Amino acid sequence: MPRSQQQFDLVIAANRLPVDRVVGDDGEVSWRTSPGGLVTAMESVMRGREGAWVGWAGEAGDAPEPFVENDMYLRPVPLSEDEVAHYYEGFSNDTLWPIYHDVIVPATFHRYWFTAYEKVNRRFAEAVCQVAAPGATVWVHDYQLQLVPAMVRELRPDVRIGWFDHIPFPPVELFAQLPWRRAVLEGLLGADYLGFQRVADAQNFVRACRQLLGLPTKGDTVSVSRAADSRRVRASAVPISIDYTGLEAVAKLPETQQRAKEIRESLGNPRTLLLGVDRLDYTKGIGHRIKAYGELLEEGQVCPPEEVFVQVATPSRERVAAYRELRHEIEGEVGRLNGEHSRIGAPAVHYLHHSYPRQEMAALYLAADVVLVTPLRDGMNLVAKEYVTCRPDEGGALVLSEFTGAFHELHQAFVCNPHDIEGLKQTIMRAIETPEKEKRRLMRAMRRRVADHDVQRWASRFLEALAVAPDRPQRTTKE
Ligand code: ADP
Ligand code: F6P
């Protein structure tokens, strides 16, 4: 396999590059920030570190040539139309995604999807090996690339390999449904160190290795022994975070503060502005949130224009049937609520199906009195951390589902179980009605947590754990 002229000591592999290639109607090519929490986090980690990022540029067909953006060397990996359908939309997002998120929708199994997954994972592994310098650190990301660790190890035994799981790792009872469970576990066990969002995710992985592969495990370590390969692999929790300093600075800009005022004014200066920000994904509990809000409207507990609800729903995976159905359902519900409860100039729900620049997101957070984060299952949920970061004024209140990774860190949130609609309604009302002074105290504590555990600390913890594993395994510590 030919090695690239340019080689790096740190190589990141993620399904997406930090930017997507977009070709306009006039044929002009532009690059747009890719969606999702992984890119938000890793973009700030890679700023200031010399390294390469191997990933897909977001469109089917030939890959663009490698290029440098924000001091990062980006190495695009091509995906054909069929591979987008089978590896990305199929196996990654219609087989693994539902299984790893509590089977909120049923998972679909197709053998040819897994064949494409294997083929694309191999292509990623080869691209990684081309740009990795001797003895490099290779950091593989997320569920789309679970076979890459073993494939890289096979090609390049000299490099150190870590993998981080941005989403939950399911309990063995759910994971066991996967016909390719063995291949996935063996793929991951090619790494030296595996990082997860929660202690429970790491434990689920270790248990799956014990029960499904019959491997010996001790604490957070799995022992792998095959002919020439006898190693220990460590799996522990390192919860991801955000660029606290950078985002807080954006929120403090006079232009952002001004924009937040304008947003409130254009909504009629409501007494309470409630906000939801999510990729349009069935894991995010958007329907549960809208149902609860609808009942509060019907009961007269909230009344537009005094209370206004803005839902930002970023377009996501629009060719996957479950996502198309979700969009249809949510937009139907929003239409119904607006039909029944809006007045001219005072809609009950403002629904925005767009992506926004970072500064506009910060202004929205700054404008919001209550942010509703109600996933049915979410690895972390960076929106929750972004919201508290954007509140240097210590204003606002966070409603947070107990099924997010963020729940394990942001203890001062207004906690909800989104399945319990009555409970969710009461929690929303508590978040609205709790006295400002108390809300400030809660916000202050959550801000301190995110400030102390920002994305750079997360990256350092991951890379340190990778550097010492497996020779000096550390115990998983709960922070
Ligand atoms: P996920 O990774 O599942 O999408 P997260 O909450 O962890 O969920 O991360 C979502 C990221 O996407 C956050 O950084 C958030 O600010 C960003 N985001 C969400 N919606 C939008 C939008 N409409 N425009 C721009 N960025 C968005
Ligand atoms: O964090 C979960 C995640 O699936 C990332 O892997 C991904 O970058 C993001 O959400 C957005 O999803 P997609 O890349 O499928 O648009």
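Q: Which residues of α4 are buried?
A: In this predicted model, V148, P149, A150, M151, V152 and R153 of α4 are buried.

Q: What makes helix α4 mostly covered?
A: A residue counts as buried when 20 or more other C-beta atoms lie within 10 Å of its own. Six of the eight residues of α4 (148–155) are buried, and the helix is described as mostly covered. The cover includes β1, α3 (111–131), β7, β8 and α6 (181–188).

Q: Why is L253 called partly exposed?
A: The class lies between buried, at 20 or more neighbours within 10 Å, and exposed, at 12 or fewer. L253 has 13 C-beta neighbours inside 10 Å, so it counts as partly exposed.

Q: Where does L253 lie?
A: L253 is in the loop between α8 (244–252) and α9 (254–266). Its C-alpha atom is 32 Å from that of I167, and the two residues are 86 apart along the chain.

Q: What makes the span of helix α16 close to the expected one?
A: The expected span is 1.5 Å times one less than the number of residues. Helix α16 (455–468) has 14 residues and reaches 20 Å from its first C-alpha to its last, and the expected value is also 20 Å.

Q: Which residues of α16 are buried?
A: They are V455, W458, A459, F462, A465 and L466.

Q: Why are the buried residues of α16 said to line one face of the helix?
A: The arc is taken from the directions that run from the helix axis to the C-beta atoms. Viewed down the axis of α16, the buried residues fall within an arc of 135°, so they line one face. Among the elements that cover them are α1, β7 (132–141), β8 (160–164), β9 (193–196) and β12 (229–237).

Q: Which residues surround ligand 2?
A: The shell is made of N15, R16, P35, G36, G37, L38, V39, D142, H166, I167, S316 and R317. A residue is included if its C-beta atom lies within 6 Å of the ligand. The elements giving two or more residues to this shell are β1 (8–16) and α1, and α1 gives the most, with three. The shell divides into four nonpolar, five polar and three charged residues.

Q: How do you know that the shell around ligand 1 draws on domain 1 and domain 2?
A: At least three of its residues come from each of domain 1 and domain 2. Of the 16 residues around ligand 1, G37, T40, T314, S355 and L382 come nearest.

Q: Which element gives the most to the shell around ligand 1?
A: It is α13, with three residues. Each of α1, β13 (272–279), β14 (307–314) and α13 (382–389) supplies at least two. The residues of this shell divide into seven nonpolar, seven polar and two charged.

Conventions: Residues numbered from 1 in each chain as written. Chains lettered and ligands numbered in written order. Predicted model: local features only at pLDDT ≥ 70, side-chain atom pairs only at ≥ 80, totals over all residues. Helix = DSSP H or I, 4+ residues; strand = E, 2+ residues; numbered from the N terminus. Contact = placed C-beta atoms within 7 Å. Nonpolar A, V, L, I, M, F, W, Y, C, P; charged D, E, K, R; others polar. Domains from an automatic or database assignment.
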